[in-house]
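The sequence and the model come next.

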Amino acid sequence: MGRVIYLGMRGDIIHPGIINIIHEGAKRGELLVGLLTDRAIAEHKRLPFLTYEQRKAVIENIKGVSRVVPQKEWSYVPNLRTYKPDAIIHGDDWKTGALQKERDNVFEAMRELGGEVIEIPYTPGVNTSALQDAVREVGTTPDVRLKTLRRLIENKEIIRIMEAHSGLSALIIETLEMEMEQDGARRGFDGMWSSSLTDSTSRGKPDIEAVDLTTRLHSLTDILECTTKPIIFDGDTGGKPEHFVFTVRTLERNGVSAVIIEDKAGLKKNSLFGTEVLQQLADVPDFCEKIRAGKRAQVTEDFMIIARLESLIAGSTVADALERARAYVGSGVDGVMIHSKEKTGLDIQEFCAAFRREHAHIPLVLVPTTYNQYTEKDLASWGATIVIYANHLLRASYPAMVKAAQSILRHGRSFEAEADNLCMPIREVLELIPGSF
Ligand code: SPV
Ligand code: MG
């Protein structure tokens, strides 16, 4: 056997830079590609557009690749220890930026293993991030988008979802990434929550199911057209089972990944309203029938119907919520959301512990609007699968608009609003939207 050269990669978007490094590797020996699994990527970057199996099928058919093995960690080092290659090959762009520390670790590991690190000059003009942006401009298919939530559930410890009520707010969720100081990992939102509260509020309407599905679909369409990340749709109570089946099909056709319906009866009020309006809870058998009707109506395997438990909002007990959860899970629901406006979060914590004892793997959704002192890590340790920031972009935008409007009123001109950075420069607005130039 000749020299073995290791190359770790995502293999999602193939460009001349990757072909060049494969070529350089193959010149020096048998090229062993460590293909990063979805799980290895999910905690650090957004999921690849293609699944592992699809990426593997592409990579193992590229000339020069001898073998493809999974790289299950973000770091190359565990695979280097397992496969003990004679050398690892990497683009020299990792000398700066987020991968610098990883580079040091790889040098150390290869020194221990008696191997070599080969650095290839980075191919200028092409990189995966730029191509990912280009893919975003082209868009995604409903089918690919729909499946992404399930892929995230399988591969990420906790899924971070942010409310979007317009194309613009959705673009923030789609594109914003921050590099974490601790480990250089990039953190972003995994997907969007189409919230009834923020959608109706942005239309100047109350959150009482007064905005019908057709109108909700207008903002949803705007969001769908400028993003690729998965969407969870707030389905309110879901209406009558006969109506809910249409909602399910419409959402599924559009590539929405999940709908959450809440077990309220009578006129729906927003769950965060004061206690003076105690909400009635739905009859369990009726709600189970609605779940079953929805599950029968869906066409794909991947669409998810999530039941939202309102027991704690309606002044009932954790025991009641658990009993309802049991019935809903028995009716085939794909996940459960538990809601509360209690600030301590203790009721939610109690529910999570009991729920996880009964249902180890059913996705569990939390909306920590009032108990926001807990981090995502805390909520994950309670057993949460998905955390939804349900209204924050809308709530952030309103005071920002008021401040700019006040400045203009105060000064009788807009100069100060610009000078105090209360308004985004017009150029940045144009740069934000692809196709403005
Ligand atoms: C929404 O965002 O519309 C919700 C969550 O349903 S909450 O407002 O907390 O009820
Ligand atoms: Mg709502």
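## Ligand 1 and its contacts

In this predicted model, the side chain of Ser196 has an N or O atom 3.0 Å from an oxygen atom of ligand 1. Such a pair is a polar contact, meaning two N or O atoms within 3.5 Å. The side chain of Asn270 has an N or O atom 2.9 Å from an oxygen atom of the ligand, and for Arg308 the distance from a side-chain N or O atom to a ligand oxygen is 2.7 Å. Taken alone, ligand 1 exposes 280 Å², and the protein buries 99% of that (accessible areas by the Shrake-Rupley method with a 1.4 Å probe).

The residues around ligand 1 include Trp193, Asp207, Asp234 and His339, where being near means having a heavy atom within 4 Å. By type, this shell holds 4 nonpolar, 5 polar and 3 charged residues.

## The largest cavity

A search of the whole structure gives 3 cavities of 30 Å³ or more. On a 1 Å grid over the protein atoms alone, a cavity is a set of points where a 1.4 Å probe fits but cannot get out, and lining residues have an atom within 4 Å of a point. Ligand 1 takes up the space of the largest cavity; to sit there, more than half of its atoms must lie within 2 Å of the grid points.

The volume of the largest cavity is about 150 Å³. Its lining has 19 residues, and Leu197, Asn270, Arg308, His339 and Ala390 lie nearest the centre. The lining divides into 6 nonpolar, 7 polar and 6 charged residues.

## The second largest pocket

A pocket is an open set of points with protein on both sides within 12 Å along at least five of seven lines. The second largest pocket has a volume of about 890 Å³. Of its 39 lining residues, Glu43, Lys156, Arg160, Arg187 and Glu376 lie nearest the centre.

Helix H7 (142-155), strand S6 (159-163), strand S8 (186-188) and helix H15 (376-382) each supply at least two lining residues. The largest share, 4 residues, comes from H7. The lining of this pocket comprises 16 nonpolar, 8 polar and 15 charged residues.

## Basis of the values

Residues are numbered from 1 along each chain as its sequence is written, while chains are lettered from A and ligands numbered from 1 in the order in which they are written. In this predicted model local features need pLDDT of at least 70, side-chain atom pairs count only at pLDDT 80 or more, and totals for chains, interfaces and linings use all residues; side-chain values use heavy atoms, with hydrogens and water left out.

Conventions
A polar contact is a pair of N or O atoms within 3.5 Å; within protein, one must be able to donate a hydrogen and the other to accept it, and residues adjacent in sequence count only if both atoms are side-chain atoms. Ala, Val, Leu, Ile, Met, Phe, Trp, Tyr, Cys and Pro count as nonpolar, Asp, Glu, Lys and Arg as charged, and the others, Gly among them, as polar. Grid points are joined across faces, edges and corners, and a volume is the space filled by probe spheres set on the points.
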